[in-house]
Each structure stands twice: as structure tokens, then as C-alpha cells.
Amino acid sequence: MKRVITTTVINQSGVLNRVTGLLMKRQFNIESITVGHTEKTGISKMTFVVHVEDQRKLEQLLKQLQKQIDVLKVNDITDKAIVTRELALIKVLSPPGVRSEITSIIEPFRATVIDMSKNVITVQVTGDPEKIEAFIDLLRPYGIKELTRTGATAFVRENQKAPAQQLSIL
Amino acid sequence: MSVNVNVKQQDAQKIGGELPKAKLQGSDVFIQSLQNEGVDMIFGYPGGAVLPLYDALYKNPIPHILARHEQGAIHAAEGYARVSGKTGVVIATSGPGATNLVTGIADAMMDSLPLVIFTGQVASAVIGTDAFQEADIVGITQPITKHNYQVKNVEDLPRIIHEAFHIASTGRPGPVLVDIPKNISNDVFPTAEIKVTELNLPGYQPTTSPNFLQIQKVGQALQRSQKPLILAGAGVLHGKASKELVEFIEKTGVPVTNTLLGLGTIPGDHPQFLGMAGMHGTYSANMAICEADLLINIGARFDDRLTGNLEHFAPNATVVHIDIDPAEIGKNVDTAIPIVGDAKEAIQSLLKLEIQKLSIDSWTASLAKMKSDYPLNYSNVSKKLLPQEVIELVHRHTNGDAIVTTDVGQHQMWAAQFYRFNHPDNWVTSGGLGTMGFGFPAAIGAQIAKPNETVVAFTGDGGFQMTLQELSLLQESQLPVKVIILNNQCLGMVRQWQQTFYDERYSESLLPSQPDFVKLAEAYDIEGYKVENYEDADELFKKVFASNKPALIDCRVEQMENVYPMVAPGKGLHEMIGVKG
């Protein structure tokens with residue numbers, strides 16, 4: 001199962017290495033990982049999207065992360081009301097003949113063209129990962145030359161509808 | 001390790017030479033910080049990157065044991081830590097000095113031993129340039145330390161050392177490594193005095209007090225249980241809770257089994273003790289796990305060598321797991337009542353419950369019958385000396401009071417089975433990592449920690465040859481360690497598995513050509529003996545254990561002897577082989 005996990009960490013050198021090393025050691029498969037500063041100096045936030053086999057593995061992952069000295073907080077936010085955003089840059093082949101067709105795809109996705117050459121345009125799109133998937137699928141037939149994605153970063157919404165079930169960290 | 005003279009170092013020395021005396025250098029701060037932590041023994045080996053630290057140690061001494069290999073130093077520190085309960089301190093230089101520690105660090109991590117390891121590092125300016133004797137020891141040891149640091153500024157040194165000792169010794173103990181670049185040791189500390197900093201570790205707050213509601217649930221489960229069993233692991237020893245454990249089981253009448261590392265939590269001859277459980281555990285202990293309806297695990301981590309095939313582990317039991325490390329709970333075995341906390345506090349809370357002696361007589365009677373019907377045993381067919389006989393003889397001549405260390409393998413299992421400990425913290429063995437060459441240096445550390453106790457290192461002929469260079473220390477430091485080699489001229493456990501599972505194809509496991517261990521002992525100026533039969537061994541042990549000198553005894557034992565009973569890998573505890581009535 002796919003889980004979205006956020007951790008708050010002390011921004012020491014090597015902390016990213018420590019966390020990814022831990023995931024590797026315990027054989028967890030990371031789909032994406034993003035890291036950045038938070039509103040507090042010296043504190044960073046990481047957002048992972050990981051695949052875990054079952055509930056026990058998930059619990060292990062959360063506990064092992066929590067055990068790290070530089071990790072302050074671990075949350076599995078998958079089942080909460082969350083906002084998730086990811087950014088992708090896509091270079092797509094767009095000879096003049098199909099360019100307007102491509103533009104008509106870009107518009108409803110509220111993506112933007114950020115670079116253009118004779119036969120290639122570079123598009124930037126942000127949104128939740130599913131939206132980005134859908135966008136890429138639509139562009140694929142035209143020929144994607146290059147693609148890069150930042151991985152997802154996420155927040156829990158201020159208003160939660162119902163108390164979501166969350167694994168307790170003992 | 002050879003000495004590195006590079007430009008950086010000469011610069012540093014130049015600056016160092018111009019210092020006014022009152023100013024502290026990083027190396028002085030290092031020594032003072034160790035003194036502040038109450039360090040009274042260091043195990044180490046000098047080299048280029050730690051020259052400033054050793055120079056400061058020369059001027060301001062703390063007792064130091066100069067091992068003959070860094071691996072010997074760290075295993076000695078582990079032995080010291082295990083029997084004393086104090087944090088073991090290790091120093092090694094950069095590069096190969098540091099990498100030679102890796103086995104010991106991993107060993108300490110697996111067996112939760114508190115160590116603080118200081119490694120030298122090349123100067124900050126050349127880190128990352130593949131400088132002479134540079135190794136990324138922080139990267140290398142990240143997965144095998146509880147935490148590790150590289151010091152970036154000399155001002156951080158007192159704080160980091162204070163944190164390192166705190167992290168190593170609290171919660172679930174473990175090794176912490178501090179990597180100190182050479183220039184940091186030479187740098188001038190900004191103030192004339194070191195302030196002991198207050199700890200600020202928001203991400204490290206181990207839970208020691210158990211949740212009382214959970215404890216009450218254990219009480220209710222005990223009242224309901226017909227077949228309760230306690231599994232006591234090393235957490236009970238780390239928590240210094242043996243006394244409380246014995247009090248609790250005597251109050252309630254619950255039988256007890258041990259993990260390998262938990263041996264000693266309860267006296268070996270206690271009537272409620274079933275012996276060790278697991279792959280080479282006793283019949284009664286393993287059957288008790290299979291039949292129990294309530295299994296209370298205190299401070300054990302349900303290691304695969306204990307559980308066997310998890311599908312068949314404790315199939316009838318409600319599992320209670322008390323552990324200071326929440327990550328261990330539910331890792332391998334589903335737990336009905338999880339309790340995070342220190343073993344001592346947990347057992348003290350259990351003692352506060354209104355529980356009287358449980359009415360479980362039929363259960364305890366059936367276990368007692370199993371214990372007497374199927375005891376650990378061996379039979380001497382060949383009339384050669386048997387390894388089990390050696391262990392029992394040593395047990396008799398030391399009254400079960402000795403500190404015993406081992407490597408890994410057959411001799412370890414026989415020692416675990418046949419040396420019944422009277423006291424806690426007398427058993428030093430490499431459990432989780434299973435390190436050959438651990439036992440002998442660990443015995444040196446144990447003897448240093450407990451100079452007046454009898455320390456016996458049981459080793460195999462294979463393992464002993466991995467760290468025998470430390471024989472130098474016995475004479476040099478006047479350590480009366482008794483080294484007992486159970487010499488079967490092979491790597492016994494490897495040979496046993498090849499015999500059992502590989503149709504007797506003894507691939508590279510026989511060691512027919514060996515040094516003359518008696519002469520070897522003499523070369524190191526200690527007494528060496530060789531015995532080949534029971535009577536001679538008996539006679540010799542009488543003499544050796546009466547003496548306060550070190551001795552090395554080469555016991556030539558039956559090669560084909562196997563460790564039984566056994567749960568084959570992948571099998572459940574109920575599928576034991578080699579059980580004899």
C-alpha cells in the first residue's frame with residue numbers, strides 16, 4: 001500500500017542520509033521524497049511517499065523513523081484530509097503542426113509553458129500527483145523528450161471532517 | 001597505524017606552539033569532558049589523526065588499555081560495559097583504525113551495549129579528498145550506531161561528548177560514535193573553562209515509566225491464565241531488574257525461560273527456571289512457549305534464533321511485550337498488550353498489583369516433569385574429552401560464580417546450556433551479531449571491570465585465532481583471565497550444519513593444522529596447558545582456578561560432538577530434534 005509520511009527533523013548534516021539509509025536498511029521502497037526548511041530555523045520537513053506491504057511493516061517504518069535522534073515527529077497522513085502538491089517539468093515535442101493541440105491540453109490543467117524552441121516546448125505543471133500523472137499521460141503520445149518531478153509535499157488540512165484513524169506511535 | 005605528516009598538521013603544530021598556556025585546545029577539552037563523564041578506563045589504539053588526543057592523555061592521564069588491534073580494543077570495551085554497567089570508551093585513529101572497529105560497533109548495536117567510540121579523522125580541510133588514512137566512518141557506521149557525530153567546531157565538542165554518553169547509556173543502550181577531525185583537536189577552545197551543557201535532545205526522550213493501565217491488563221491476564229510463562233531477555237539485565245524479576249516470579253509462581261543474552265537474570269538452579277529457549281534451548285522451555293496461554297516477554301526482542309518459524313511461535317499465547325524500545329514491540333510477533341518502559345519500573349509496577357500465588361499447579365507440574373524427563377544431556381561414547389564435560393567441570397570448579405565470555409558457535413551454546421549462572425551480569429557473549437573472536441578480548445574487558453572475580457573465556461580453536469594477539473595484555477596488565485579453548489580442530493557449528501544439512505561435505509570447516517597453543521601461551525609469558533581426558537582436565541582446573549595467574553588451556557575435545565537439542569532453521573519450536581529422555 002502507498003502511504004504518505006511526513007517527518008519533522010533537526011536540520012543536521014547527514015539527516016537525509018540517515019533517514020534514507022534507514023529506509024534502505026529495512027527494505028522500504030521510496031517512491032518520492034522531498035525535503036525543505038520549515039517556518040522554524042534549523043527544522044526541516046520531509047515528505048515521503050512509500051510502498052509498504054502491510055500494517056506491521058508500516059508500524060515498523062514509523063517507529064524506526066521515530067527512533068532516530070534527529071527526528072522530532074513522524075506522521076502517517078495518508079488517511080487524513082490533506083493537500084498534496086508536486087511540480088513536474090516536461091519537455092514535449094511540439095512541431096508547429098500540433099502545437100495548438102498541445103496548448104489546448106495545457107490550459108485545463110493550468111500548466112504553463114516556460115520555455116520554447118523550434119520543435120520542443122517545456123511545460124511546468126503543479127498539482128496533486130494524480131493530476132500530474134493524468135497530464136503526463138495526455139502528453140505522452142506527442143513524444144516526451146525529458147521529464148522531471150519533484151515528488152510530493154503535503155500538509156494536513158486545518159479542518160478534518162472526522163477523526164481519521166492514525167497509527168499510534170507507542 | 002602509521003603517522004601522517006601533512007601540511008595541515010604542521011600548520012596546526014605551529015599554531016599550537018604559539019599558544020599561551022591557559023588556553024585549552026580541543027584535545028584538552030576532550031580529556032576534561034571524559035573526566036566529567038566519570039570515565040575511568042579507555043580502550044584504544046593511537047595513530048596519526050588522534051596524536052593530539054593521545055598527547056593530552058599523556059599530560060592528563062586516564063587509565064588506558066593499549067590493545068593490539070582495534071577490534072580487540074572494542075570487544076574489550078564491550079566486555080567491560082556488559083559486566084560493569086558503565087559505558088565503554090574506545091579511541092581509534094582515522095581510516096583503518098576506525099574501520100577495524102566496525103565489527104565491534106555492529107556487535108554492540110545488536111546486543112545493546114553502551115559504548116562511546118571516538119575516532120580520529122583527517123583535518124576538516126581535506127575531508128572528502130581521499131586524504132591519507134581517510135575513511136567516511138560516519139557514513140560507514142550510520143546503520144550500526146545508535147547515533148553518530150562528526151565534530152565541525154571545537155565549541156561543539158563538550159556538548160557532543162555529553163550527548164554521546166547520554167544517548168549511549170539511556171533508553172535502549174547502544175554504541176555512539178564521535179568522529180573528531182585532527183584540526184578540531186588542535187583548535188583553541190574559546191573559553192578558559194568548559195561549561196557542562198544542559199542536554200537539549202528534543203528528538204530523544206525514551207519512555208521509561210510503563211503505562212499503568214497496561215500493567216493492570218497484565219494483572220488481569222495473569223489472573224485468567226492457566227499456563228503463564230515469562231520470557232526474560234537482556235533488557236532485564238540492562239535495567240538491573242533481576243532481583244525484582246525473581247521476587248515477582250516467586251510471588252506469583254510463574255515459570256521463566258531466558259533468551260541467550262538473558263541468561264543470569266534468574267539463578268540457573270532456580271526451581272521455576274526452565275533453561276534457555278530457542279534453537280538450542282531446553283525441551284521444557286520450548287514446549288512451555290508452545291503450550292503457554294500467556295507469554296510475558298520482558299526485555300527480549302523475539303530474535304529468530306529464539307522464535308524459530310514465527311508461524312508456530314507461541315500459537316496459544318496472549319503475548320505481553322515489555323520493552324524500552326517501542327520499535328521492538330510488534331516487529332516480529334503480534335502483541336496483545338504492548339508496554340513501553342524500563343524493565344525494572346515495569347516489574348516494580350507489576351509487583352504493586354494485588355496478585356497472589358496463581359493456581360497453576362498442573363501447569364508447573366507438567367513443566368517440572370518435562371524438565372526432569374528431558375534434561376539437557378550428552379553421552380560419552382568415544383571416551384574422549386567432551387566439550388560439555390569441560391563446561392561442567394569449569395562450572396564445578398568455579399561454583400557457578402565466574403564471569404564467562406564466549407564467541408559464537410558450538411562452544412557458546414554448550415556454555416549457555418551447561419554453565420548455570422548464579423548471578424546476573426556474569427555472562428558476556430556475542431548474541432545478535434554472532435562474532436567469532438569476541439570472547440577473549442571481551443574477557444579482558446570484563447576482568448578489568450571486575451579485577452577480583454574469576455573470568456573464564458571459552459573460545460573455539462577457530463574464534464580464538466581471530467583475536468589471539470590480545471594475549472599480550474594478560475601479562476602486561478596482570479589479568480588472571482583463564483582462556484579455555486574447546487579445541488575440536490574444526491569450525492564446530494559450521495561442521496555440524498554441514499554434517500546435518502549438507503550430507504557431510506565438510507567444505508573448508510576443518511582445521512587440522514594448528515599452532516601449538518601451549519608454546520603460544522609461553523611465547524606471551526603465560527602458563528599454557530593441554531588436556532585430552534576428563535581426569536587430567538579435572539586435576540588441572542583445580543590447580544588453575546586456585547591460582548591468580550592467567551592461563552591458557554587447550555582442551556582437545558571430541559570433534560564430532562554436536563549441539564543438541566536443536567530446532568532446524570525454518571522449523572517451529574515444537575519440531576525439536578535430538579531430544580533424549
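**Exercise 1.** Find how far apart the centres of domain 2 of chain B and domain 3 of chain B lie, taken over C-alpha atoms.

*Solution.* The separation of these two centres is 30 Å. Before going on, note that this is a predicted model, where local features need pLDDT of at least 70, side-chain atom pairs count only at pLDDT 80 or more, and totals for chains, interfaces and linings use all residues. Residues are numbered from 1 along each chain as its sequence is written, while chains are lettered from A and ligands numbered from 1 in the order in which they are written.

Next, locate the domains, whose bounds come from an automatic or database domain assignment. Chain B holds domain 1 (7-186), domain 2 (212-373) and domain 3 (387-564).

**Exercise 2.** Describe the contact between domain 2 and domain 3 of chain B.

*Solution.* Start with the rule: residues are in contact if their C-beta atoms, placed from the backbone, lie within 7 Å. By this rule, 13 residues of domain 2 of chain B meet 16 residues of domain 3 of chain B.

Then sort the domain 2 side by class: Ala, Val, Leu, Ile, Met, Phe, Trp, Tyr, Cys and Pro are nonpolar, Asp, Glu, Lys and Arg charged, and the others, Gly among them, polar. That side of chain B has six nonpolar, five polar and two charged residues.

**Exercise 3.** Now try chain A: how many residues of domain 1 are in contact with domain 2?

*Solution.* First, the assignment gives domain 1 (2-76) and domain 2 (83-154) of chain A. Their C-alpha centres lie 29 Å apart. Seven residues of domain 1 of chain A touch six of domain 2 of chain A. Finally, the domain 1 side consists of three nonpolar, four polar and no charged residues.

Notes. Contact = placed C-beta atoms within 7 Å.
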